[in-house]
Amino acid sequence: MERRINKFIEEKNFKELKDEIKNINEIDLADVLSELATNDLAKVFRVMPKDKAAKVFAEFEVDVATKLLKQLSETEIVKLIDEMPADDATDLLEEMPANIVAKILKNCHEDTRKDINRLLNYNDESAGSIMTVEYPQFKENISIKDAIAKLKENKEYYETIHTCYVVDSERILLGRVEIEDLLFNDNSLLIKDIFNDDIIYVTTSTDQEEVAAIFKKYDFMVMPVVDSEKRLVGIITVDDVIDVLEEEVTEDIKKMAAIIPGDKPYSNAHVR
């Protein structure tokens, strides 16, 4: 695959290149593209459908993503950011200089800008900093038929549709409804007739380690995040938690290897 992609780039055969990459899984494609020279990587991105480009970009390591951004125009970066889930875009922007971030956000779609700014304001170690704001929510008084129509209309926007959340008119979290509940119940029923009010959630200030522990205990794939007044503001998915766990393991290994200092100064350490 990598050899064929390089061949098409060398021959400037961008039609064949586009056909070659369109059916490749985003994770596999990110692995292959990460090995390309940066200017070749930019060429591939320019022929890739924008929704696929955003998904592939989200899989890159920070150093690869940063190198690519230096090859793209500001307009191209803005289009990329607009297509990305807000939490992935936020992770990216946190690595960039403040003046560049300001320029990008200024030109982003208004909804994208609001979502990213909201996430950028949360403590780095909090649930708020890893949540996504792209999730399905329904008012309790709408019908299953209308709920399904809403899912279909916005399916490209949502991070996941397997679990949907139910809120009141003030966005207070009331419960959840699974996709199978919508598919296998009478369309005329209301959401309030079928939703489950037994729900576990975290707040935006909950520590990420606690979030990871809850995911592990209950074997969750997704969990809602609320503010101090129990208003639904986002969700956390299992892939976000895996990222947190990987960071913790890396930090623990570094501490054990004395690459970074422990909690106590060496002068206060004792041999036992």
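Mentor: Helices, of at least four residues, and strands, of at least two, are DSSP runs numbered from the N terminus. In this predicted model, that convention lets one place Ser34 in the loop between helix H3 (26-33) and H4.

Trainee: How many helices and strands does the protein chain have?

Mentor: The protein chain contains 15 helices and six strands. Of its 272 residues, 40% count as buried. Its accessible surface comes to about 16,200 Å², and carbon and sulfur atoms hold 47% of that area. Among contacts in the chain with a separation of 6 or more, 59% join residues 24 or more positions apart.

Trainee: To return to Ser34, is this residue buried or partly exposed?

Mentor: The category follows from relative accessible area: under 20% is buried, over 50% is exposed, and partly exposed lies in between. Ser34 has a relative accessible area of 28%, so it is partly exposed.

Trainee: Which residues does Ser34 touch, not counting those up to four places away in sequence?

Mentor: Ser34 touches Phe60 and Val64 on that basis.

Trainee: How should I read a nonpolar core, and which residues of the largest one touch the most other members?

Mentor: In soluble globular proteins, nonpolar side chains tend to be buried together. Here the largest nonpolar core has 41 residues, and those touching the most other members are Ile5, Leu33, Phe45, Phe57, Phe60 and Ile81. Helix H4 (residues 38-47) gives the most to this core, with five residues. Apart from it lies another core, of 17 residues, including Ala127, Phe215, Val233 and Val241.

Trainee: With which residues is Phe60 in contact, leaving aside neighbours within four places in sequence?

Mentor: The contacts of Phe60 are Ala30, Leu33, Ser34, Leu41, Phe45, Ala65 and Leu68. Phe60 also belongs to one aromatic cluster with Phe45 and Phe57.

Trainee: How many aromatic pairs are there, and how is their geometry read?

Mentor: There are six aromatic pairs. For Phe45 and Phe60, the ring centres are 5.8 Å apart and the planes stand at 40°, so the pair is tilted. Phe45 lies in helix H4, whereas Phe60 lies in the loop between helix H5 (50-59) and helix H6 (62-71), so the pair ties together parts that are 15 residues apart in sequence. Both Phe45 and Phe60 are buried. By contrast, the rings of Tyr157 and Tyr158, with centres 5.8 Å apart, have planes at 65°, so that pair is edge-to-face.

Trainee: Are Tyr157 and Tyr158 buried or partly exposed?

Mentor: Tyr157, at 40% relative accessibility, counts as partly exposed. Tyr158 is buried, with a relative accessible area of 10%.

Trainee: Let us turn to the strands. What is the order of the open sheet of three strands?

Mentor: Strands of a sheet pair through backbone hydrogen bonds, either parallel or antiparallel. In this sheet the order is E1-E2-E3, with mixed pairing. Strand E1 (137-139) and strand E3 (173-178) stand at the edges with a single partner strand each, so one side of each is left without a neighbour in the sheet. On average, neighbouring strands of this sheet are turned by 35° against each other, direction ignored. Strand E2 (residues 163-167) pairs with E3 in the antiparallel sense over five bridges. As an example of a bridge, Cys164 has Val177 in E3 as its partner.

Trainee: Why is strand E5 described as largely enclosed by the rest of the structure?

Mentor: Strand E5 (residues 222-226) has five of its five residues buried, so it is largely enclosed by the rest of the structure. Val222, Pro224 and Val226 point one way from E5, Met223 and Val225 point the other way, and all are buried.

Trainee: Which strands does E5 pair with?

Mentor: Strand E4 (residues 202-203) runs parallel to E5 and is joined to it by two bridges. In that pairing, Thr203 stands opposite Val226. Strand E6 (residues 232-237) pairs with E5 in the antiparallel sense over five bridges, and the bridge partner of Pro224 in E6 is Ile235. E5 and E6 form a hairpin with five residues between them, and Lys230 in the turn has a positive phi of about 65°.

Key:
Residues are numbered from 1 along each chain as its sequence is written. This is a predicted model: local features need pLDDT of at least 70, side-chain atom pairs count only at pLDDT 80 or more; totals for chains, interfaces and linings use all residues. Side-chain values use heavy atoms; hydrogens and water are left out. A nonpolar core is a set of buried Ala, Val, Leu, Ile, Met, Phe, Trp, Tyr and Cys residues joined through side-chain atoms within 4.5 Å. Buried means under 20% relative accessible area, exposed over 50%, partly exposed in between (1.4 Å probe, protein chains only). Contact means heavy atoms within 4.5 Å. Accessible areas come from the Shrake-Rupley method with a 1.4 Å probe; for residues, only the protein chains shown count as cover. Two strands pair if DSSP finds at least two bridges between them. Axes are lines fitted to C-alpha atoms, for helices over the stretch in contact, and angles run from 0 to 180 degrees between N-to-C directions. Rings of Phe, Tyr and Trp (its six-membered ring) pair if their centres lie within 6.5 Å; planes under 30 degrees apart count as stacked, over 60 as edge-to-face and the rest as tilted.
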